[in-house]
Amino acid sequence: MTTQTATSASPRPPAMARMIKRPTNRIWISVLRHSVLIVILIAMLYPLLWMVAASLRPNNEIFSSLGILSSHYTVDNYVSGWTGNGALNFSRYFVNSVIISALSVVGNLIACSLTAYAFARLEFPLKRLLFALLLGTLLLPYHVTLVPQYILFNKLGLINTFAPLIAPHFLATDAFFVFLMVQFIRALPSDLDAAARIDGAGHWSIFTRIILPLALPAIGTTGLFTFINTWNDFLGPLIYLSNSQLWTVPLGLNAFLDATGGQSSYGSLFAMATLSLAPLVGFFVAFQRLLIEGIATSGIK
Amino acid sequence: MVGLTLGPMIYSLYLAFTKYNLLTSPQWIGFANFIQIANDSRYWQSARVTLLYVLISVPVVLVVSMVVALLMNASIKFITGYRALFYLPSLLGASVAVATLWRQIFGDSGLINNALAALGINHASWIGDPGTALYVIISLNAWAFGSTMIIFLAGLRQVPQELYEAASVDGAGRFRRFWSVTIPSMSPLIFFNVLLDTVHAFQAFTGVYVISSGNGGPSDSTLFYTLYLYQQGFTQLNMGYASAMAWILVVVLAAFTGVLFFTARYWVHYGDR
């Protein structure tokens, strides 16, 4: 806004002229704003930093210390957490989580983009009704389908497999991402499709050669958020995976907490918790712009 | 997609009128589940806890998000950095990792109590106290206000600058400009955030489960609706009862959404162009 007022040649309204006359005042306001924001940020992020620091400290020091700095850092907690103490085996949980998340992302990308293409570009009977139903499921609490889905997968004998956690993603049940992609594809000029059709392209080649490459931002956003959601998912694995060999990281962390209860191995707990957040933070740092634009323009949370 | 949502929904509606424990086939019992719910004190406790949570945490998140978005809207410097850092907790807030951290922070000898002890105040566990346990969970949700804030921030930048200038010319002060220009211009986004945050708040689960060790304690003070539904359905295998609970939630959320949409015509303003 500063540049705008500075370069604008038109006569200014009196209030703006008044603001410009008092530059010192504005600097103070700006300093105040920044200080308030920084104080809030420090308060918010301190617990996270403290956890990372605690994961690098010997156990006896964690609880006595409020600060982040320590005289002796150690990676013992990571080693003991990773190699497993007793019943818990975090290396396996990480592998399980990666498998489930990766397959879910693949499934969601294929299914949502195909469904979205159909809604955005094809004509078929009941399209409007089906689209309205799709939007309706956005506000539907997932608990309604939780019980019947569990019964279904139970009947199919798929409890204690990854199938219940992955299969729904291949059936485009994440209405939000379908919606996101429909909106995106609708905004693409349909002249491109028409031109391709004249050149003899069928739906499949229009989809793979024109729509998909142009919809990459929407696909990227969908992929990232699918990963984040499945990586953090707790209820799904809690219901479907009782065999501890199949546990995901969130289940492992929860079991760890219940097992330790006391304070003896909070160090390894925090080490594994930090490690479980690392992929999220990594993706966040790499794709921060894409993520934030995605939220700002589409309202994903 | 429709098959996997609509089919189960109808099946779930049927189950709501049955007694079913997965082992024997569902047995039609009419409205017995609903009558039992009406007389179930734990059910009402869970409804009360959830409602209290929604009524406190949604407004807190909305107000904090709006205030921070307003603070950031004017100061352009480092805005991408601020946005990213404020958003980070939203990304992590739904994870078990952060919930375990919260359990430590607010626990008996956690970060907060250690800080208080340094000031000479001794306090017991915030999670073990039925009076404060719910607020620990509310604070976890409020901590992740970043995504709501980013939506507000994006909206604030769309408010036409001429409106502020016109209001200033008419002698409107800072507060008046906020109330008569910013709020109406932002009303579609406020509507959107109220709707989504409320629907999400009704379904809070992960943090609740981890912080309360899965039992909704102490003395059911954090027995959320979803947690009680989980207990009924998946630890006691009362699938019919759980389905009935799920359908009551659907009706409540539908009613809430309906009321919100109905009131929208009085307070949500879409641009006239």
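Analyst: In helix α8 of chain A, the buried residues are A:His143, A:Val144, A:Thr145, A:Leu146, A:Val147, A:Pro148, A:Gln149, A:Tyr150 and A:Phe153. Buried means that 20 or more other C-beta atoms lie within 10 Å of the residue's own, exposed means 12 or fewer, and partly exposed covers the range in between, with C-beta atoms placed from the backbone. Helices are DSSP runs of H or I with at least four residues, strands are runs of E with at least two, and both are numbered from the N terminus. The model is a predicted one, in which local features need pLDDT of at least 70 and side-chain atom pairs count only at pLDDT 80 or more, whereas totals for chains, interfaces and linings use all residues. Residues are numbered from 1 along each chain as its sequence is written, while chains are lettered from A and ligands numbered from 1 in the order in which they are written.

The length of α8(A) agrees with expectation, because its 13 residues at 1.5 Å a residue should span 18 Å and its end C-alpha atoms are 19 Å apart; the expected span is 1.5 Å times one less than the number of residues. Just after α8(A), A:Gly157 adopts a positive phi of about 70 degrees. Helix α9 (163–170) of chain A has A:Pro164, A:Leu165, A:Ile166, A:Pro168 and A:His169 as buried residues, and A:Ala172, which follows α9(A), also has a positive phi, near 55 degrees. By contrast, A:Val98 in helix α6 (90–121) of chain A counts as partly exposed because it has 14 C-beta neighbours inside 10 Å.

At the level of the chain, the secondary structure of chain A comprises 16 helices and 0 strands, and 35% of its 301 residues are buried. Of the contacts in chain A with a separation of 6 or more, 75% are between residues 24 or more positions apart, a contact being a pair whose C-beta atoms, placed from the backbone, lie within 7 Å.

Between the chains, 61 residues of chain A are in contact with 72 residues of chain B. On the side of chain A that touches chain B, α8 (143–155) is among the elements that give two or more residues, as are α7 (127–138) and α16 (266–298), while α3(A) gives the most, with 12 residues. By class, this side has 44 nonpolar, 14 polar and 3 charged residues, where Ala, Val, Leu, Ile, Met, Phe, Trp, Tyr, Cys and Pro count as nonpolar, Asp, Glu, Lys and Arg as charged, and the others, Gly among them, as polar.

Turning to packing, the largest nonpolar core has 106 residues, of which A:Ala273, B:Trp102 and B:Val136 touch the most other members. Such a core is a set of buried Ala, Val, Leu, Ile, Met, Phe, Trp, Tyr and Cys residues joined through C-beta atoms within 7 Å. It draws at least three residues from each of domain 1 (2–82) and domain 2 (88–298) of chain A, with bounds that come from an automatic or database domain assignment.

Methods:
Contact = placed C-beta atoms within 7 Å.
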